Amino acid sequence: MKRKEFGSEFHYPIHSKWLLKESDESFFSSKKFSFHFSGRSALYTLVSEGIQTKGWKNLYFPSYYCHEVVAFLKDLPINIHYFNFNPFLDTKIPFQEIKDDPTSVLVQVSFFGVKSIDLSSIKKATILEDYSHNLLALKESKADYCFGSLRKELPIPVGGFCYAQNHSLAQSNSNKKAEDVANEKLKAMLLKEQYLRGEIENKEGYRTLFQKAEEDFEKKYTNTKLPESATKILHTFHVSKILKQKHENVEEALKILGDIPNVSFNLDTKDANPFGLILNLTSNKSREALKTYLIKNNIFPAVLWPNQVNKNDQETEKCILFIHLDFRYTTKEVTFVANKIKAFFNE
């Protein structure tokens, strides 16, 4: 008997309709890419190279960001700063907080695939754009460099990338420990597929492997190139088909949800490449009630991102939920999820 749950980690393998045919070219075939173990290791390699060859001294992040990524860079000889920007609250950044010169580097973000920061006033600093939530748009970027995670949008055990139209990119080395982490994560994905098919009963086995792998991502020995096992998987994906299906699913859900009092969806933006369904509620109490309700219905939401630092960002974090509506789900299943959310607010 097959089981159905929504959200949480990807399983593997996936249906052949999401894979390239032999005659198709991979989205990642361009020599403008370099591939790394994770998004954070990709950024680490990029910044390390910039320090050595371009004299980068100051690295600026938006205050609302994944702070685990920033922590991974702390041992680099560069000054790390935050500028105040929250995609749910702000439209502009305080440019007076940024030193706009060739030694400065700013991280631009495609937040959830629906909002970016206007950095048109920056003239001399280098722009690095994070496309973890919006892979399809990265080749249109005007940033000096792009980087991101691959495992946020694609069913791959580990993976990150750098991409540059006009610059060469540094490559990472490999090591046995990182290869082992990738294999353990792939094992978890395979076990999850068996669980969803009803072939095994225990989900704690693969959940433990997922959790252990997530902890390993923080270890410096994962600062390597993309392991061979993950590289082979990556080049089998029909990326545009996978991601366009997600965008159609989100669009379908938004049609069903319509206008609901005291909640906004996807930063009130419809014309974009949404990472998923982002809900912004009016209080932590209502967010937690919705979260509990969804989990009871086998819909597993996430908080993006936990552990914010600034007070305004912390308040936002308490009211946000994110729900995957990716290629794994049919229109019927998306309708089920959207109607469950609608039912919660109609009670």
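**Sheets, pockets and backbone geometry of the predicted model**

In strand S4, the residue that bridges to Pro62 is Phe83. The chain passes from S3 through H2 to S4, and this β-α-β crossover is right-handed, a term applied when, with the strands pointing away from the viewer, the path from the first strand over the helix to the second runs clockwise. The structure is a predicted model, in which local features need pLDDT of at least 70 and side-chain atom pairs count only at pLDDT 80 or more, whereas totals for chains, interfaces and linings use all residues. Residues are numbered from 1 along each chain as its sequence is written, and side-chain values use heavy atoms, with hydrogens and water left out. Helices (H or I, at least four residues) and strands (E, at least two) are DSSP runs numbered from the N terminus.

Strand S3, residues 58-62, is mostly covered, five of its five residues being buried, where buried denotes under 20% relative accessible area, exposed over 50% and partly exposed in between (1.4 Å probe, protein chains only). Asn58, Tyr60 and Pro62 point one way from S3, while Leu59 and Phe61 point the other way, and all are buried. In a regular strand the side chains alternate between the two faces of the sheet. S3 runs parallel to S4 (residues 79-83), to which five bridges join it, and it is also parallel to strand S5 (residues 104-109), with three bridges between them; in S5, Tyr60 has Leu106 as its bridge partner. Strands are taken to pair if DSSP finds at least two bridges between them.

These strands belong to an open sheet of seven strands with mixed pairing, in the order S2-S8-S7-S6-S5-S3-S4. Its edge strands are S2 (33-36) and S4, each of which pairs on one side only. Direction ignored, neighbouring strands of this sheet are turned by 25 degrees against each other on average, with axes taken as lines fitted to C-alpha atoms, for helices over the stretch in contact, and angles running from 0 to 180 degrees between N-to-C directions. Within the sheet, S7 and S8 (residues 160-163) run antiparallel and are joined by four bridges, and Gly148 stands opposite Phe161 in S8.

A further open sheet consists of three strands in the order S9-S10-S12, with antiparallel pairing. S9 (263-265) and S12 (320-323) stand at the edges with a single partner strand each, so one side of each is left without a neighbour in the sheet. S10 (residues 277-281) pairs with S12 in the antiparallel sense over four bridges, and Leu277 has Ile323 in S12 as its bridge partner.

The largest pocket holds about 1600 Å³ of space. Of the 45 residues that line this pocket, Ser8, Glu9, Glu214, Ala302 and Leu304 are the closest to its centre. On a 1 Å grid over the protein atoms alone, a pocket is an open set of points with protein on both sides within 12 Å along at least five of seven lines, and lining residues have an atom within 4 Å of a point; grid points are joined across faces, edges and corners, and a volume is the space filled by probe spheres (1.4 Å) set on the points. H1 (39-54), H2 (67-72), S7 (145-149), H3 (176-196), H4 (204-216) and H7 (284-296) each supply at least two residues of the lining of the largest pocket, and the largest share, seven residues, comes from H4. This lining divides into 20 nonpolar, 11 polar and 14 charged residues, with Ala, Val, Leu, Ile, Met, Phe, Trp, Tyr, Cys and Pro counted as nonpolar, Asp, Glu, Lys and Arg as charged, and the others, Gly among them, as polar.

The second largest pocket has a volume of about 620 Å³ and is lined by 21 residues, of which Lys2, Lys4, His11, Glu193 and Arg328 lie nearest its centre. H3 gives the most to this lining, with three residues, and the lining comprises six nonpolar, five polar and 10 charged residues.

Most residues other than glycine have a negative phi, and most peptide bonds are trans. The bond from Tyr12 to Pro13 is cis, with omega near 0 degrees, and Pro13 lies in the loop between S1 (6-7) and S2. A cis peptide bond also joins Leu304 and Trp305, with omega about -5 degrees; Trp305 is found in the loop between S11 (299-300) and H8 (311-317). Asn262, in the loop between H6 (239-257) and S9, has a positive phi near 70 degrees and is exposed, with a relative accessible area of 56%. Asp268, located in the loop between S9 and S10, has a positive phi of about 55 degrees and is exposed at a relative accessible area of 64%.
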